[in-house]
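Here is a short report for a reader meeting this structure for the first time. Look over the sequence and the model, then read on.

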Amino acid sequence: MKVNKMIICGVDEAGRGPLAGNVVAAAVILDPSHPIIGLNDSKKLSETKREYLYQQIITHAKCYAIAEASVAEIDSINILQASLLAMSRAIDKLTIKPDKAMIDGNKIPKSDVVCEAIIGGDALIAEISAASILAKVTRDRQLIELDKEYPQYGFAKHKGYGTKEHLQAIEQHGIIHGIHRTSFAPIKQQLLF
C-alpha cells in the first residue's frame, strides 16, 4: 500500500526593510525526484548563484507561486501585515494545495492551509530557501527595472534600502510617489520639509 507523503510548501518574502518598492513573497513545493543542490538563505548566496538557482527552481519545482503587496498596501496596513498578505497571496496562487506551509520567521499569514513559523527557516528548510530565492530575485529584478526609469536614485545598486547613497538621492531629487514607502520614517521626514 502506498502512503501519501505530506505536501509541504516553503514560504518567504523579500523587501521588508527597503524604503522603496513592493514586498514580494514566494511559495514553493519542491519535487523530491528533482533535488536542487545549493539551496540556502538567498542573502547568503551571490547574485550569480541566486539567478542560477532561480532558474533551477522554476524548472524543477513541483509547483511555485510569486505574489506581492504594493507600496500603497504597505503604507496602508504596515510592512508586517503587507508581508503576510503577500505570503497569503503566494500560497493561494499555488496550483497544488499543500498540506502544510512552512513560513520563514515568527509570524504566520492568514491561510486555509496549516502554517508553521520557523525562525531562520530560509537557512534550514529547502522549500523555504527556494521561496527566499524566488522572492529575492523577483524583487531585485523589479528594482533593476525601476533603476532604468529613475537612474538618479541608484535602485539597481542598493535595491531600495536606506543606504547613504539612497538617502542623499531622496534629499536631492525628492521622493517618488507610489514607489517610496511614505509610512517609513526616512520618507516621512522628507515629506515634512
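Predicted model: local features only at pLDDT ≥ 70, side-chain atom pairs only at ≥ 80, totals over all residues.

## Aromatic rings

Ring centres must lie within 6.5 Å for two rings to pair. By this rule there are 2 aromatic pairs. Tyrosine 150 and tyrosine 153 have ring centres 6.4 Å apart and planes at 85°, so this pair is edge-to-face. Tyrosine 153 also pairs with phenylalanine 155. Here the centres are 5.6 Å apart and the planes stand at 10°, so the rings are stacked.

Together, Tyr150, Tyr153 and Phe155 make up one aromatic cluster. Is tyrosine 153 buried or exposed? Buried means under 20% relative accessible area. Tyrosine 153 has a value of 3%, so it is buried. Phenylalanine 155 is buried too.

## A buried aspartate

Aspartate 147 belongs to helix H5, which spans residues 126–149. Its side chain carries a charge that counts as negative. Aspartate 147 is buried, yet it has no salt bridge. Which side chain of opposite charge is nearest to aspartate 147? It is lysine 148, and it is 8.3 Å away. A salt bridge needs a side-chain nitrogen of Lys or Arg within 4 Å of a carboxyl oxygen of Asp or Glu.

What does aspartate 147 touch, leaving aside neighbours within four places in sequence? Its contacts are Gly154, Phe155 and Ala156. Phe155 is also a member of the aromatic cluster.

## An enclosed strand

Strand S4 covers residues 100–104. Of its 5 residues, 5 are buried, so the strand is largely enclosed by the rest of the structure. Both faces are covered. Lys100, Met102 and Asp104 are buried on one side. Ala101 and Ile103 are buried on the other.

S4 has strand partners as well. Strand S1 (residues 8–14) runs parallel to S4, and 4 bridges join the two. Valine 11 stands opposite isoleucine 103 of S4. Strand S5 (residues 114–118) also pairs with S4 in the parallel sense, over 5 bridges. There, lysine 100 has valine 114 in S5 as its bridge partner.

Terms used: Residues numbered from 1 in each chain as written. Heavy atoms only, no water. Phe/Tyr/Trp six-rings, centres within 6.5 Å; stacked < 30°, edge-to-face > 60°. Buried < 20%, exposed > 50% of the residue type's maximum accessible area, 1.4 Å probe, protein only. Contact = heavy atoms within 4.5 Å. Pairing = 2+ DSSP bridges.
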